[in-house]
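This report covers selected strands, a sheet and the nonpolar cores of one model. Please read it alongside the sequence and the structure shown here.

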Amino acid sequence: MPLFAKDDKVDYLTDNGYGNAVGPPAGVHHNGVTYVAYQGPDEDAWVASYNHETGEWVGPLLAGESAMEQRGNIDNHGKPAMVIDDEGYIHIFYGGHGGTAALGENKLGNYNNGEQRHVVSTKPFDITSWEMRKNISPFGTYSQVIKMDNGDIYLFFRHGAHRSNWVYQRSTDNGRTFEDVVSIALSKRRTDISAVDSWYLKFLKAPGDKIAARVYYHICNDPPHVGERQNGYYMVMSAEDQLWRNIHGDVLEMPLTKEHADQYALAVNTGEKWVHGGDLALDDKGYPHFLLYLGDQNGKPWGGPKLLHHCRWNGEEWLFHGGDEKTLSKRGNLHVPSPENVNVLVTEGTKLRWWNSKDGGKTLNPGKTYFEVEDGTLMISDFIENAHPDARLLVARKVDNSDFRRVYLVGDNGAIQRSRFEAEILTEAQKALPPVKND
């Protein structure tokens, strides 16, 4: 029996987040209710909702089981992505890291683990009951989902493990069916070195019925494999004609190759630096901004410590800034209300803090602390779609050596509280589990 009363309050929505529990577009605010999804025990998809008018929580509840096999570590590639269709049904895409050969032939890539799955609420705006739909490729990973103004749903993902194309599938009937996979970034073997072209993409709904994409390149070396990644690219698709264009409006050849991207879609050449990609946002002029994290090649598999850099289009050229030592290892979400006003909500150990620029990202300086806990480390999701000011994003907190995380729904007034009796749902057996070994 719990040792606390039902009216005890805590500032986290649950204690059963698992591994890197939050990440992709995993929440939607609609008509006064915020709906969220996160990775729970066994890398399953879990959901919760909060009514901002009544203060009522629903969940957390299990929405879909994952096919991930632990294999000595937590995979973390299948974190859930959420969208709500025009009829009010809630869709979650989750659970994949390229799939396995048991699922069939992957003609657009290779295999790794899990299975990309699609579950849908059985009633509009209701998270209490779910059904699975077998209408998407099982070979996906890094699932990202966007709904357009006309209700069309675009599901973007990498079609397999590292050596796989990036693709999308479109639904024009509220997710009942999806069209065939369309490749947008090509994975192919290089002829100059022993490696394969690979990619990482982040997508964002843009004005004018368009979808923007930040791209960076991964040299997928033959063994021993290392995490060398380079450059920043940008492109935009018009939903009207399904064509991808560069920043100048030139139509790009699809699927994108490294050679074509270098010539027509390159925003920044990072040279010898190793890169991780960051957030993508548009300012009030519709100009793109994105983050890259750059570090030196230091002989380690993933390179050295990385500094935050900012890249933006000013209407005439790409501008690239960063490298200040004070931004070392600071990862975060972009908010750009205007071309010159650039704000990054970064994780700093036990706190989230805004870093602000008034000169278009040339200099970033620490600003207001947004959220803080007593101990542990924090990880954040993307900003929630159409976010309520009281619920901007999910925050996962690692508080000890366990694989489980406390998950918070955080906004401008801090974390939304709830009953401790409802928030603490881990069993004693789960709490006692030793952490999964990460090799």
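How many residues does the hairpin from strand 29 to strand 30 run through? The hairpin that joins strand 29 to strand 30 has five residues.

## Basis

This is a predicted model, in which local features need pLDDT of at least 70, side-chain atom pairs count only at pLDDT 80 or more, and totals for chains, interfaces and linings use all residues. Residues are numbered from 1 along each chain as its sequence is written, and side-chain values use heavy atoms, with hydrogens and water left out.

Strands are DSSP runs (E, at least two residues), numbered from the N terminus. Strand 30 covers residues 404-411, and seven of its eight residues are buried, so the rest of the structure largely encloses it. Buried means under 20% relative accessible area (1.4 Å probe, protein chains only).

Two strands count as paired if DSSP finds at least two bridges between them. Strand 29 (residues 393-398) pairs with strand 30 in the antiparallel sense over five bridges, and Val 395 stands opposite Tyr 408. Strand 2 (residues 14-18) is also antiparallel to strand 30, over three bridges; here Thr 14 faces Val 407. Strand 31 (residues 414-415) pairs with strand 30 over two bridges, again antiparallel, with Val 410 opposite Ala 415. A hairpin of two residues joins strand 30 to strand 31.

## Nonpolar cores

A nonpolar core is a set of buried Ala, Val, Leu, Ile, Met, Phe, Trp, Tyr and Cys residues joined through side-chain atoms within 4.5 Å. The largest has 26 residues, and Phe 156, Trp 199, Leu 201, Phe 203 and Trp 244 have the most contacts inside it. Among the elements that give two or more residues to this core are strand 12 (153-158), strand 15 (195-206) and strand 16 (210-221). Strand 16 gives the most, with five residues.

Leaving out residues up to four places away in sequence, Phe 203 touches several residues (heavy atoms within 4.5 Å), including Phe 156, Trp 166, Ile 184, Ile 211 and Trp 244. Another core, of 17 residues, lies apart from the largest one; Ala 206, Ala 267, Val 268 and Leu 282 are among its members.

Strand 5 (residues 45-51) pairs with strand 6 over five bridges in the antiparallel sense, and Ser 49 has Val 58 in strand 6 as its bridge partner.

Conventions
Buried means under 20% relative accessible area, exposed over 50%, partly exposed in between (1.4 Å probe, protein chains only). Helices (H or I, at least four residues) and strands (E, at least two) are DSSP runs, numbered from the N terminus.
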